[in-house]
Amino acid sequence: MKHILYIIFVVTFLFPYSSLAESSKKAETLYENGQYQEALDAYFKVTQKGQSANLYYNIGNCYFRMDSIPQALLWYERAYLLDPSDADIRYNLNYARSKTIDKIVPEEDLFFVRWYRGLLNQLSVQGWTIAGILLFALSLISLCAYIFLNEVRLRKIGFYSAIVLFVRVILSNVFAWQQRSLQFDHNRGIIFSSSVSCKSSPNEAGKELYLLHEGTSVSIIDRSVRNWLEIRLSDGKQGWIPASSIEII
């Protein structure tokens, strides 16, 4: 009976992870050998079993090696959503952006906004969650020190440490929630058409405001018109483009 339970455990829990690791290793080998299309196919098979920032990053690398910049940007952006703290993802994302035609100068954010965004992106959802758990454990230890120790100085240290740590627990949970919300906020996309005219209204008769090219990142602000999307660029410009010209991040 024990042997049967062991076999069931291996097949149910360990085999899928072993299969996933084997598939990832195969894809990595193909990539290292310069077989980028084959590596891409292997990575997409892995996506059927789960997602991760590293997996999306590797898919982006395959597309970049194949000179498909819009696809590379799409998958780098998806990887960045899952782990904005990864320096390699940020570097490759910015490098791929430098290969696009449209050079858009973003609007200047307030110092506080830049600082807050930088702090938020220090860790991923998992990172902030783990940080929150560890800080909560430390706050409980500090609270126990306040309750059970006899020395007044140590009790004061425990009391104030517990307050500070608990505040940080709340902040960690807020940051984790915000990072999670960004992952499900499908209001950004990458232009996939070689070029697309941005219109003043959601129809072909609308006035042409400017031209966008493949690889440009845009924010979606209105989906209410069938087959059209109202978009905003990082420099604040707005307009309407056909929904078929964009791939949602």
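1. A residue counts as buried when its relative accessible area is under 20%. Cys198 has a relative accessibility of 0% and is therefore buried. The structure is a predicted model, and the points below should be read with that in mind.

2. The other cysteine to note is Cys144, which is partly exposed because its relative accessible area is 39%. A search for disulfides across the whole structure returns zero.

3. The largest nonpolar core contains 28 residues. Tyr43, Tyr56 and Ile59 have the most contacts inside this core. Two or more residues come from each of helix 1 (2–32), helix 2 (36–47), helix 3 (53–65), helix 4 (69–82) and helix 5 (87–97). Helix 4 contributes the most, with nine residues.

4. Which residues does Tyr56 contact, leaving aside its neighbours within four places in sequence? They are Thr47, Gln51, Trp75, Arg78, Ala79 and Leu82.

5. Thr216 sits in the loop between strand 3 (208–213) and strand 4 (217–222).

6. The side chain of Thr216 makes a polar contact of 2.6 Å with the side chain of Asp102. Not counting residues up to four places away in sequence, Thr216 touches Asp102, Ile104, Gly189, Ile190, Ile191 and Leu233.

Terms used. Residues are numbered from 1 along each chain as its sequence is written. This is a predicted model: local features need pLDDT of at least 70, side-chain atom pairs count only at pLDDT 80 or more; totals for chains, interfaces and linings use all residues. Side-chain values use heavy atoms; hydrogens and water are left out. Helices (H or I, at least four residues) and strands (E, at least two) are DSSP runs, numbered from the N terminus. A polar contact is a pair of N or O atoms within 3.5 Å; within protein, one must be able to donate a hydrogen and the other to accept it, and residues adjacent in sequence count only if both atoms are side-chain atoms. Contact means heavy atoms within 4.5 Å. A disulfide is a pair of cysteine sulfur atoms within 2.5 Å. Buried means under 20% relative accessible area, exposed over 50%, partly exposed in between (1.4 Å probe, protein chains only). A nonpolar core is a set of buried Ala, Val, Leu, Ile, Met, Phe, Trp, Tyr and Cys residues joined through side-chain atoms within 4.5 Å.
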